Amino acid sequence: QVQLVESGGGLVQAGGSLRLSCAASGRTFRRYAMGWFRQAPGKEREFVAAISWSGDSTYYGDSVKGRFTISRDNAKNTLYLQMNSPKPEDTAIYYCATAVAVTSVAALYENWGQGTQVTVSS
């Protein structure tokens with residue numbers, strides 16, 4: 001199992017920027033893919049972005065393409081989500097998770113963090 005802890009959330013104005021981090025511990029030797037999901041109140045969990053273990057393959061949800069960038073630093077066991085030009089509709093709790101392959105399907109992710117709140121004001 002892998003333990004994940006998100007950080008970096010907070011209040012940001014629309015058009016600003018924010019970087020989320022996800023620190024992994026435990027069985028980090030497994031070459032897992034990782035992803036970001038988000039969930040707003042009253043809505044289902046939504047796929048944001050995913051990245052392969054090597055970082056050479058990334059996948060983004062349509063709503064964030066061109067604005068968010070996913071990256072990882074395996075030496076630091078850390079996953080990142082750079083949020084540029086965030087919009088109020090990006091407001092949600094953001095979760096990181098691990099999977100055996102790059103995918104947008106939440107059910108295929110095994111380990112999840114507790115989430116970090118991101119609030120985008122207009």
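This note covers the disulfide, the strand pairing around it, the nonpolar cores and one loop serine.

1. Basis. This is a predicted model, with local features needing pLDDT of at least 70 and side-chain atom pairs counting only at pLDDT 80 or more, while totals for chains, interfaces and linings use all residues. Residues are numbered from 1 along each chain as its sequence is written, and side-chain values use heavy atoms, without hydrogens or water.

2. Disulfide. The whole structure holds 1 disulfide, defined as a pair of cysteine sulfur atoms within 2.5 Å. The partners are Cys-22 and Cys-96, with sulfur atoms 1.9 Å apart. The link is right-handed, with 60 degrees about the S-S bond. Cys-22 sits in strand E3 (residues 17–26) and Cys-96 in strand E9 (residues 92–99), so the bond ties together parts 74 residues apart in sequence. Strands (at least two residues) are DSSP runs, numbered from the N terminus.

3. Burial of the pair. Cys-22 has a relative accessible area of 0% and is buried. Cys-96 is buried too, at 0% relative accessibility. Buried means under 20% relative accessible area, with a 1.4 Å probe and protein chains only.

4. Strand pairing. Strands pair if DSSP finds at least two bridges between them. E1 and E3 run antiparallel, joined by 6 bridges. Here Glu-6 has Cys-22 in E3 as its bridge partner. E3 and E8 also run antiparallel, with 7 bridges. In E8, Leu-79 stands opposite Cys-22.

5. A nonpolar core is a set of buried Ala, Val, Leu, Ile, Met, Phe, Trp, Tyr and Cys residues joined through side-chain atoms within 4.5 Å. The largest has 26 residues, and Trp-36, Leu-81 and Tyr-94 have the most contacts inside it. Elements giving two or more residues include strand E1 (2–7), strand E4 (33–39) and strand E8 (78–84). E3 gives the largest share, 4 residues.

6. Tyr-94. Contact means heavy atoms within 4.5 Å. Leaving aside neighbours within four places in sequence, Tyr-94 is in contact with residues including Glu-6, Trp-36, Phe-37, Leu-81 and Val-118. Phe-37 belongs to a second, separate core of 6 residues, which also includes Ala-50, Ala-97 and Tyr-109.

7. Ser-52. Where is Ser-52 found? Ser-52 lies in the loop between E5 and strand E6 (58–60). Ser-52 counts as buried, at 11% relative accessibility. The Ser-52 side chain makes a polar contact with that of Asp-56 at 3.0 Å. Such a contact is a pair of N or O atoms within 3.5 Å; within protein, one must be able to donate a hydrogen and the other to accept it, and residues adjacent in sequence count only if both atoms are side-chain atoms. Not counting residues up to four places away in sequence, Ser-52 touches Ala-33, Ser-57, Arg-72 and Val-102.

Conventions
Buried means under 20% relative accessible area, exposed over 50%, partly exposed in between (1.4 Å probe, protein chains only).
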